[in-house]
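Morning, everyone. Please have the model open in your viewers. I will keep this short.

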Amino acid sequence: MRKRILLSLFVVAALLAAPLQVAFAQDAKPAEPIRLADKISPTDAPGSSPALGGSCPNGGPVLLNQPPNQTNGIFSDVNCASCTATGTQVVADNFTLAADATVAQIVMWGGYFPGNMIPDPVDPVTVIFHDDAGGTPGAAITTQGGIAPASSTTGVTLFGVSELQYVIDITPVALTAGTYWVEIFTNSPNADSFFWEVGDPDATNGIVGAVFSTTAPGTGWAATGPPPNDFAITMCGAGGPILSITDTTVTDGCLTEPTNENGVFEPGEIITVDVEVSAANGGFTGISGTLSTATPGVTILSGFSSYPDLGDGESATADTPYMVYLDETIACFSQVDLDVTITSNEGAPLVTMVSETVGAMLVPNVPVAITDNDPAGSSSTLDVADDVVISDLNVRVDVAHSWVGDLILTLRSPANTEVVLLDQPGVPASMFGCADNNMNVTFDDGAGGDLENLCAGSDPWFVGSADAVGALSDFNGESTAGTWTLLVSDNAAGDTGTITDWELITDPVIGGVCVVCTAGLPGGGQPVVEVPTMGTVGFITLLLALALAGVFLMRRRSNA
């Protein structure tokens, strides 16, 4: 792969010789789901729409059929303006397959509340298929983002807004017989919030009940609660010939600092994207791909490529890889979004989305189960590369545990300095301590608030800033570099929990891995964006010929 990257970089450098120009999400126990009222407006007419569901627009077999019942909906929007408590809410529904099947298309129903916005173009959706983890979504099987569904109104008014039908063509997902979850959400920037309508469960392949989460993609799933809220969805198998994106490989390159080539996007690097496509149920011709981005500081070096024609069952990568340059000034820990759109003579466009953070944030090894009734405790570590002298340190700790009065929290530095953050709140006033559940506390000298005597009778027990038992100033003057350890011990039997997340908040600020590659833009000039108006070989030949002609003319002028 290194040889291929270097070859690609030198090709780009030759192209550029010609004088042409062309937020933090955490796992948390969610509150109650945000539903629309369990009724319809006086002007609504239940059942007045034509029969919905039961067939697939692509002509494929129906794998799951849960038609909308026009009674309710639950928000599934990353920017959920109507979800005032959380601002983010996504939902998922489970289903079962009696035999192996390939899902190629999804039909769903919903709308935008309360302003009845009908976006044009339609807000793109993200579709995630999960394994089942004992009644909640488990590991993600596939994540497909940036999908623009086709939408149409059904003529039904729900809650004063139009019911919309969405047809979502996805890259086919092959599933073996078993139980799965499908999570679908959008990231609407509008004031309205997208809701996914509920439907009647499929008596054969449906499973009663659904879940929601206040993070996107979903984590820490919880049941939507009564009444049963299965979602309105028709899931379709493959119909005619299918062109699918089967693999997307991303590599980073830096000519001057090869150690930068670590799988992390960093300033000054060239990013190479290889997209593999496959044909099924027939062949495809005229296949091509175009890379695009709206991220500032990203320059497209090679944005268009052709693919060979594919027969049934064949796969191929692009004739030339897609390449972008990250400017040396691009902000560390900002996000880079790249889209590759694949078209062919026979099929609708496919889009694969690459979203990466510039640099690698500091992440502790979590989650870690807290051993029950074990004073030795359980530990989570965080490795810090930055070597700075601490003048102030706070620490945020997110712990899920069903009896906080059992817990002792301790932070240990690389120099083996230990500070107790929390020591069995409610003890000794109560023999067993506070019975409250869960916490997300930022321990900060001088924050105020004595957690040792707080028994709030709430879930979560405490969210916010508070004093630690010990003095965090004991870490002042030490180096940040090395391994930090959070120790959490459970000191009574009967309740268990998990270290969900934690972070160091230091002055001076420490970061993760983000080393600037100083190679500069290849060729030292302006980027050349390859366009689909000429074969790749002919395009390169023309540019090199122009470059050589310029050198020849310059030499003649200097000798004149």
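Predicted model: local features only at pLDDT ≥ 70, side-chain atom pairs only at ≥ 80, totals over all residues.

Residues are numbered from 1 along each chain as its sequence is written, and side-chain values use heavy atoms, with hydrogens and water left out.

Disulfides, then. The structure holds five, where a disulfide is a pair of cysteine sulfur atoms within 2.5 Å. Count the bonded cysteines along the chain and the pattern reads 1-4, 2-3, 5-10, 6-9, 7-8.

Take Cys254 and Cys517, joined with S to S at 2.1 Å. Their link is right-handed, with 95° about the S-S bond. It connects distant parts of the chain: Cys254 is in the loop between strands S14 and S15, Cys517 in the loop between strand S31 and helix H2, 263 residues apart. Helices (H or I, at least four residues) and strands (E, at least two) are DSSP runs, numbered from the N terminus. Both Cys254 and Cys517 are buried. Buried means under 20% relative accessible area, exposed over 50%, partly exposed in between (1.4 Å probe, protein chains only).

Next, Cys332 and Cys514, with S to S at 2.0 Å. This link is left-handed, at -85° about the S-S bond. Cys332 sits in the loop between S20 and S21 and Cys514 in the loop between S31 and H2, so the pair ties together parts 182 residues apart in sequence. Cys332 is partly exposed at 33%; Cys514 is buried at 18%.

Now the sheet. Four strands form an open sheet in the order S24-S30-S26-S27, with antiparallel pairing. Two strands pair if DSSP finds at least two bridges between them. Which strands stand at the edges? S24 (374–384) and S27 (418–423): each has a single partner strand, so one side of each lacks a neighbour in the sheet. Between S26 (407–412) and S27 there are five bridges. Arg412 stands opposite Glu418 in S27.

Last, the largest cavity. On a 1 Å grid over the protein atoms alone, a cavity is a set of points where a 1.4 Å probe fits but cannot get out; lining residues have an atom within 4 Å of a point. About 40 Å³ of space lies inside the largest one, volume being the space filled by probe spheres set on the points, which are joined across faces, edges and corners. Its lining includes Met108, Tyr112, Asp123 and Phe194.

Definitions and conventions. 1 Å grid on protein atoms, 1.4 Å probe; cavity = no way out; pocket = protein on both sides within 12 Å on 5 of 7 lines; lining within 4 Å.
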